[in-house]
Amino acid sequence: KWSSRIYKNIFIKQFPTRTLTVNQLKAYLDNLETTERFVPDVLLVDYPDLFKIEKQDFRLGLSQLYQDLRGIAVERNLACLVVSQSNREGSGAKWVALEHQAEHYGKAQDADCVVTYSQTEAEHKYGLARLYVAGGRNDEDKVCVVITQQYATGQYVVDSNLMIGPYFENLDTEIS
């Protein structure tokens, strides 16, 4: 069957850069429910900063967009996962934190949970990275998980473990 459905329970849809609005996204979700009888449990948006946003006040528009996406999640009772980027300072930081968000700090203020991805050169060499819960509205935060990765075989997370003990010191010892 020719359609945007990849599997029985996954749809992947691409929109041209800077053309999608929140109302168009809602219409698309309504259409999925009507024509495909598909009601998602999870909505993954990569990446909201590329939605159509008025240039007159881009930062306020961006903040409103993230709030609207959270509103869709609440209204439709689904998890909404969005991807964003860090600022220049964050690109060289050992730990990517809330203050390293690109463009507008308000993106994280309205989020229920913020998870950052960090990787040093040493971690890259060994196929490691860290996921850090930088902010959690109703859950524990300031928790870090070390993940192993195999990008060459298409595996983002092969294994994971809670980061404890002298992690960086041991990692540096292994490199020497």
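Glu103 counts as partly exposed, at 37% relative accessibility; the scale here is buried under 20% relative accessible area, exposed over 50% and partly exposed in between, with a 1.4 Å probe and protein chains only. The model is a predicted one, so local features need pLDDT of at least 70 and side-chain atom pairs pLDDT 80 or more, while totals for chains, interfaces and linings take in all residues. Residues are numbered from 1 along each chain as its sequence is written, and side-chain values rest on heavy atoms, with hydrogens and water left out.

First, the overall picture. The chain has 6 helices and 8 strands, taken as DSSP runs numbered from the N terminus (H or I, at least four residues, for helices; E, at least two, for strands). Along the sequence they come in the order β-β-α-β-α-β-α-α-β-α-β-β-β-α. The C-alpha trace spans about 60 × 45 × 30 Å along its principal axes, and 33% of the 176 residues count as buried. Of the contacts (heavy atoms within 4.5 Å) with a separation of 6 or more, 45% are between residues 24 or more positions apart.

Now back to Glu103, which pairs up with Arg59 in a salt bridge whose closest N and O atoms are 3.1 Å apart. This one links distant parts of the chain: Arg59 sits in helix H2 and Glu103 in the loop between helix H3 (88-91) and H4, 44 residues apart. A salt bridge here is a side-chain nitrogen of Lys or Arg within 4 Å of a carboxyl oxygen of Asp or Glu, and the count comes to 7.

Another of these joins Asp49 to Lys107, with 3.0 Å between the closest N and O atoms. Asp49 belongs to the loop between strand S3 (42-45) and helix H2 (58-76), and Lys107 to helix H4 (residues 106-109), so the bridge ties together parts 58 residues apart in sequence. Here both Asp49 and Lys107 are buried.

Asp112 and Arg70 make a further salt bridge, at 2.9 Å between the closest N and O atoms. Asp112 is in the loop between H4 and strand S5 (113-118) and Arg70 is in H2, so parts of the chain 42 residues apart in sequence get tied together. Asp112 is partly exposed at 35%, and Arg70 is partly exposed at 32%.

On the H1 side, the contact is made by Val22, Leu25, Lys26, Leu29 and Asp30; H2 brings Leu65, Asp68, Leu69, Ile72 and Arg76.

Finally, the backbone. Most residues other than glycine have a negative phi, and most peptide bonds are trans. Asp46 and Tyr47, however, are joined by a cis peptide bond, with omega about 15 degrees; Tyr47 lies in the loop between S3 and H2. Arg18 isn't a glycine, yet its phi is positive, about 65 degrees. Arg18 is found in the loop between strand S2 (10-11) and H1 and is partly exposed at 38%. Lys142, not a glycine either, has a positive phi of about 60 degrees, and its place is the loop between strands S6 (128-136) and S7 (143-150).
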